[in-house]
Amino acid sequence: MNASIAELQRGFLTAAQITSSKTVMGIDTQLIEDGTYFVVEEGHEIAGCGGWSRRATLYGGDHTPGREPSLLDPARDPARVRAMYTNPAFTRRGVGRLILDLCERAAAAEGFTTLELMGTLSGEPLYSAYGFEPVERITDDRGGAPVHLVRMRKSI
Ligand SMILES: CC(C)(COP(=O)(O)OP(=O)(O)OC[C@H]1O[C@@H](n2cnc3c(N)ncnc32)[C@H](O)[C@@H]1OP(=O)(O)O)[C@@H](O)C(=O)NCCC(=O)NCCS
């Protein structure tokens, strides 16, 4: 995750923004406890990771303020896609797309009809290619330099 954040955001953010983005990125261990987080491996190497959630928090890691663990209503609320990170040595090999597909199937199996996420600029091309549409652009400056994020949604 650290390598992914530091290296793969370089074309999209300044060094100050990458440092700032660490406040709103990383793992929320609730996803692991919930069994909704995937790790893709090749041999003994982690190629990437990412997951989904039936809880209200839209983005952020354990260290990010303002998480909201209440359960969503599949009939009314979109399931969340969370914490997508590909190992820089494994980019553009379909790891992100594979994880999104696993998330979509798992959320659909629980009755969700929509997915929502807060994407980084680095993540936006993947999410757009997968069928997500932007619904809101925000900046989060809780880590210092303002980081541009995009809330995106997809029907499933
Ligand atoms: C976003 C991220 C997870 C994408 O992972 P990935 O495993 O390389 O993505 P995939 O190989 O599944 O890409 C699928 C498609 O998405 C699009 N895409 C992915 N990365 C892209 C990029 N950097 N530029 C343009 N299109 C891209 C392409 O259409 C790609 O298909 P193609 O390779 O056949 O052209 C990865 O870049 C990353 O970890 N970024 C840093 C961390 C981050 O910002 N995560 C998102 C948090 S919301």
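This is a predicted model: local features need pLDDT of at least 70, side-chain atom pairs count only at pLDDT 80 or more; totals for chains, interfaces and linings use all residues.
How many nonpolar, polar and charged residues does the shell around the ligand have?

**View 1. The shell around the ligand.** Counted by class, there are eight nonpolar, eleven polar and three charged residues here. Out of the 22 residues around the ligand, the ones that come nearest are Gly96, Arg97, Gly123, Pro125 and Ala129.

**View 2. Strand β4 and its surroundings.** Why is β4 largely enclosed by the rest of the structure? Five of its seven residues are buried, so the rest of the structure largely wraps it up. On one pairing, β4 meets β3 in the parallel sense, over two bridges. Look for Arg80 here: its bridge partner in β4 is Glu116. β4 also pairs with β6 (residues 147–155), this time antiparallel and through seven bridges. In that pairing, Leu115 sits opposite Lys154 of β6.

**View 3. The β-α-β unit.** Follow the chain from β3 through α4 to β4 and you have traced a β-α-β unit, a right-handed one.

**View 4. The largest nonpolar core.** Which of the 29 residues in this core touch the most other members? They are Val81, Ile99, Cys103, Ala107 and Leu117. At least two core residues come from each of β1 (37–42), β2 (45–53), β3, α4, β4, α5 and β6. Zoom in on Cys103 and, leaving aside residues up to four places away in sequence, you'll find it touching Gly51, Trp52 and Val81.

**View 5. The β1–β2 hairpin.** Six bridges hold β1 and β2 together in an antiparallel pair. The two strands make a hairpin with two residues between them. One to pick out in the turn is Gly43, with a positive phi of about 60°. Glu42 faces a residue of its own kind here, standing opposite Glu45 in β2.

**View 6. From β2 across to β3.** These strands run antiparallel and are joined by five bridges. Trp52 stands opposite Val81 in β3, and both of those residues are touched by Cys103. Val81 is also among the core residues that touch the most other members.

How values were computed
Residues are numbered from 1 along each chain as its sequence is written. A residue is near a molecule or strand if its C-beta atom, placed from the backbone, lies within 6 Å of it. Ala, Val, Leu, Ile, Met, Phe, Trp, Tyr, Cys and Pro count as nonpolar, Asp, Glu, Lys and Arg as charged, and the others, Gly among them, as polar. A residue is buried if 20 or more other C-beta atoms lie within 10 Å of its own, exposed if 12 or fewer, and partly exposed in between; C-beta atoms are placed from the backbone. Helices (H or I, at least four residues) and strands (E, at least two) are DSSP runs, numbered from the N terminus. Two strands pair if DSSP finds at least two bridges between them. A crossover is right-handed if, with the strands pointing away from the viewer, the path from the first strand over the helix to the second runs clockwise. A nonpolar core is a set of buried Ala, Val, Leu, Ile, Met, Phe, Trp, Tyr and Cys residues joined through C-beta atoms within 7 Å. Two residues are in contact if their C-beta atoms, placed from the backbone, lie within 7 Å.
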